[in-house]
Each structure stands twice: as structure tokens, then as C-alpha cells.
Amino acid sequence: MLFHPQNIDQAKHYFKQLEKKIWFDNNFNFGGVHTVAGIDASYLLRENKIIVGIVLFDYPSLNVLDRKYEVLDIKFPYIPGYLSFREGNPIIETLDKQGIKADLLIIDGHGIA
């Protein structure tokens, strides 16, 4: 489900709710991982567009299975600390539109701050 905050206050409230659900596990089992999607985004700022690129790999061989991208409208402004609202929904839309299924997503720039 995509969440499109209308303002920074809604985004802050969403993060407060989300942080209660975060857990860390240093003992992740990669045994069930067979496909990995590497994902990043870039911008065409003059056109107000975001480019989402996805490369799907076999794991553990890391052979490339597929490459996809989408160019979408930017719907959320750049606000430091809230990059996931600018890039997250376009990433989800690209995964859905391209029908990409992966066991593990590696997404640049979306860590724990």
C-alpha cells in the first residue's frame, strides 16, 4: 500500500508510527534468498521526473536475470530525512508495473537514520 503524505506533518506522524514496528536481527538467514533486486533512483529535475532503475540478480551466483526502469513524476519534495517518501512510492510502483518479484531488496539511500 502506498502512502502519499500531503505535508511534512503527516510524514513525521507516519514515521513515528512506523518506528514502533522496526526490529533488528544480525542473524538473518539467507537460505531462502534466491533472487535479489538492486534498486536506485536518479532525477531529471528540469522535467520533475524520477528514474527508478532495478537490476534483478540470481543468488548466490549474482548472474543478472533482468534489468528494468521507469520514469515517473516526482510527487514529494526533497526534505532531508524524508527521502523514502520521494523515492519509496516510485520504487514500489516500478516493482509492481514491471512485475519484479525478489526475495531481497537492496535499496540505495534508505537506511536507519
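**Notebook: aromatic rings, patch and sheet**

I began with Phe 30, which counts as partly exposed because its relative accessibility is 40%; buried means under 20% relative accessible area, exposed over 50%, and partly exposed in between (1.4 Å probe, protein chains only). The model is predicted, so I kept to its limits: local features need pLDDT of at least 70, side-chain atom pairs count only at pLDDT 80 or more, and totals for chains, interfaces and linings use all residues. Residues are numbered from 1 along each chain as its sequence is written, and side-chain values use heavy atoms, with hydrogens and water left out.

**Entry 1: overall layout**

I read the order of elements along the protein chain as α-β-β-β-α-β, with 2 helices and 4 strands. Helices (H or I, at least four residues) and strands (E, at least two) are DSSP runs, numbered from the N terminus. Along the principal axes, the C-alpha atoms fill a box of roughly 40 × 35 × 20 Å. Of the 113 residues, 24% are buried. Among contacts (heavy atoms within 4.5 Å) with a separation of 6 or more, 54% join residues 24 or more positions apart.

**Entry 2: strand pairing**

I then followed strand S1 (residues 35-44), which pairs with S2 in the antiparallel sense over 10 bridges; pairing requires that DSSP finds at least two bridges between two strands. Ala 41 stands opposite Val 52 in S2. The hairpin of S1 and S2 has 4 residues between the strands, and there Asn 48 takes a positive phi near 55°. S1 also runs parallel to strand S4 (residues 104-107), joined to S4 by 4 bridges, with Val 36 opposite Leu 104.

**Entry 3: Pro 90**

Where does Pro 90 lie? I found Pro 90 in helix H2 (residues 83-98). Pro 90 counts as buried because its relative accessibility is 7%. Leaving aside residues up to four places away in sequence, Pro 90 touches Ile 50, Val 52 and Leu 72. Lys 75 is 15 residues from Pro 90 in sequence, and their C-alpha atoms are 8.9 Å apart.

**Entry 4: aromatic rings**

I counted rings of Phe, Tyr and Trp (its six-membered ring) as a pair if their centres lie within 6.5 Å; planes under 30 degrees apart are stacked, over 60 edge-to-face, and the rest tilted. The count comes to 7 aromatic pairs. One of them, Phe 15 with Phe 85, is tilted, at 5.0 Å centre to centre and 40° between the planes. This pair links distant parts of the chain, since Phe 15 is in helix H1 (residues 8-19) and Phe 85 in helix H2, 70 residues apart. Phe 15 is partly exposed at 24% relative accessibility, whereas Phe 85 is buried at 7%. Phe 28 and Phe 30 form an edge-to-face pair, 4.7 Å centre to centre with 80° between the planes. I also recorded one aromatic cluster of Tyr 14, Phe 15, Phe 76, Tyr 82 and Phe 85.

**Entry 5: surface patch**

Which residues form the nonpolar patch on the surface? I listed Phe 28, Phe 30, Tyr 59 and Leu 62, with about 390 Å² of accessible area together. Patch residues have over 30% relative accessible area and no salt bridge; like charges are joined within 9 Å, nonpolar side chains (Val, Leu, Ile, Met, Phe, Trp, Tyr) within 5 Å. A salt bridge puts a side-chain nitrogen of Lys or Arg within 4 Å of a carboxyl oxygen of Asp or Glu. Phe 28 is partly exposed, at 46%. Leu 62 lies in the loop between strand S2 (49-58) and strand S3 (64-73), and counts as exposed because its relative accessibility is 51%.

Definitions and conventions: Areas by Shrake-Rupley, 256 points an atom, 1.4 Å probe, with all protein chains shown as cover.
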